[in-house]
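Open the model in your viewer and keep the selection panel at hand.

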Amino acid sequence: MEFKKLGKSSVDIPVLGLGTWGIGGFSSSHLGGEDKDVKALRLGLELGMRFIDTAEMYGHGHSEEVVGKAVAHDRESVFITTKVSAENLSYERVIHSCEASLRRLRTNYIDLYQVHWPNARIPISDTMKAMEKLVEDGRVRQIGVSNFSVQQSREAQEALSRNSLASNQVEYSLVERSIEEDLLSYCTKERVTVIAYSPVARGHIPRSGREERWRTLDNIASKYRKTRTQVALNWLICKEAVVAIPKAGKLEHVRENARSAGWALKKGDQDSLDKAFS
Ligand code: NAP
């Protein structure tokens, strides 16, 4: 597995992490599916994707509990990111949410704590004050945001007095490229890591049709003896500021995704994909 520096920090993170939306159920705990989910996460860790992304809202906290189980024996060697929900962004609620996430994750620190969505009703200065307090107390190591525009990212950075904004987690894939309008270049220039979510378009990329753009992807995949998904993920991580967090519950998908790193598409092939999916 390759690594990239997280934001302006000296922390190295794997270029591929493990998404967990749906792991632990979508809206309530799904007992019975849990062992399978732990197994999928552990396989991902074994294969070098030692970076797990979760959130307090996933499965009403149950996703964090599943992550806590998966990393119970080697927590120190896994980069864990979780998120505080938009309704919990006041100073007190951020602190309270973090404590609850720590308990569910069975850990005493979170590697990267992210604001899940912006909330215009709560001043970002309150939220970031709480984030910096959590860093000061050793509960959180790095501060990030998610679904923030360029302007909102700037305001988040300005609200931080002692820390740099490490990351912005946003939707990004071959078929969803809105961040290329301005956010990607902003993050690259400011050294804010882009954590690409829904990087295989929620399963759409491996499953889709036969129109010309998909044929371009398939041709490039066969040239490298890779699959569509592996090329689509590699296209993302070839970009300087970007890491990706595909979610896979099926073990064969975890194995396939892990093999999306460790090689690189040639510039000409990246350009062909840029054009085909523009
Ligand atoms: P995704 O990773 O693009 O797609 C997940 C879907 O693709 C699953 O159905 C999975 O199937 C399938 N899949 C994965 N690898 C595959 C492969 N090699 N071949 C065929 N199918 C494959 O979408 P996502 O879950 O929306 O995004 C990833 C993670 O980003 C989430 O889990 C979450 O951690 C994060 N996220 C964050 C936000 C945010 O607002 N910050 C929003 C959405 C997601 P199986 O599970 O059956 O293997």
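Select the lining of the second largest pocket: 6 nonpolar, 3 polar and 3 charged residues. In this count Ala, Val, Leu, Ile, Met, Phe, Trp, Tyr, Cys and Pro are nonpolar, Asp, Glu, Lys and Arg are charged, and the others, Gly among them, are polar. To show that lining, pick Asn147, Phe148, Ser149, Val150, Val170, Glu171, Ser178, Ile179, Glu181, Asp182, Leu183 and Tyr197. The volume of this second largest pocket is about 170 Å³.

A note on the model: it is predicted, with local features needing pLDDT of at least 70 and side-chain atom pairs counting only at pLDDT 80 or more, while totals for chains, interfaces and linings use all residues. Numbering runs from 1 along each chain as its sequence is written, and side-chain values use heavy atoms, with hydrogens and water left out.

How are pockets and cavities told apart? On a 1 Å grid over the protein atoms alone, a cavity is a set of points where a 1.4 Å probe fits but cannot get out; a pocket is an open set with protein on both sides within 12 Å along at least five of seven lines; lining residues have an atom within 4 Å of a point. Points are joined across faces, edges and corners, and a volume is the space filled by probe spheres set on them.

**Next stop: the cavity**

The count of cavities of 30 Å³ or more is 1. The largest cavity holds about 70 Å³ of space. Select Gly17, Leu18, Gly19, Ala40, Leu41, Met49, Pro246, Lys247, Ala248, Val254 and Asn257 to see its lining. Helices α1 (34-46) and α10 each give two or more residues to that lining. Helices here are DSSP runs (H or I, at least four residues), numbered from the N terminus. By class, the cavity lining has 7 nonpolar, 3 polar and 1 charged residues.

**Next stop: the largest pocket**

The largest pocket contains about 830 Å³ of space. Its lining has 33 residues; Trp21, Ser198, Arg202, Gly203 and Lys247 lie nearest the centre. Colour α7 (204-207), α9 (228-237) and α10, the elements that give two or more residues to this lining. Which helix gives the most? It is α10, with 3 residues. The lining divides into 12 nonpolar, 13 polar and 8 charged residues.

**Last stop: the ligand**

Show the ligand. It sits in the largest pocket, meaning that more than half of its atoms lie within 2 Å of the pocket's grid points. Around the ligand are 29 residues, each with a heavy atom within 4 Å. The closest are Trp21, Ser198, Lys247, His253 and Asn257. Helix α10 (residues 251-258) supplies the largest share of this shell, 3 residues. The shell has 11 nonpolar, 12 polar and 6 charged residues.

Now zoom in on ligand oxygen atoms. One is 2.8 Å from a backbone N or O atom of Gly249. At Ala201, a polar backbone atom is 3.2 Å from a ligand oxygen.

Technical notes. Polar contact = N/O pair within 3.5 Å; in protein donor to acceptor, adjacent residues only side chain to side chain.
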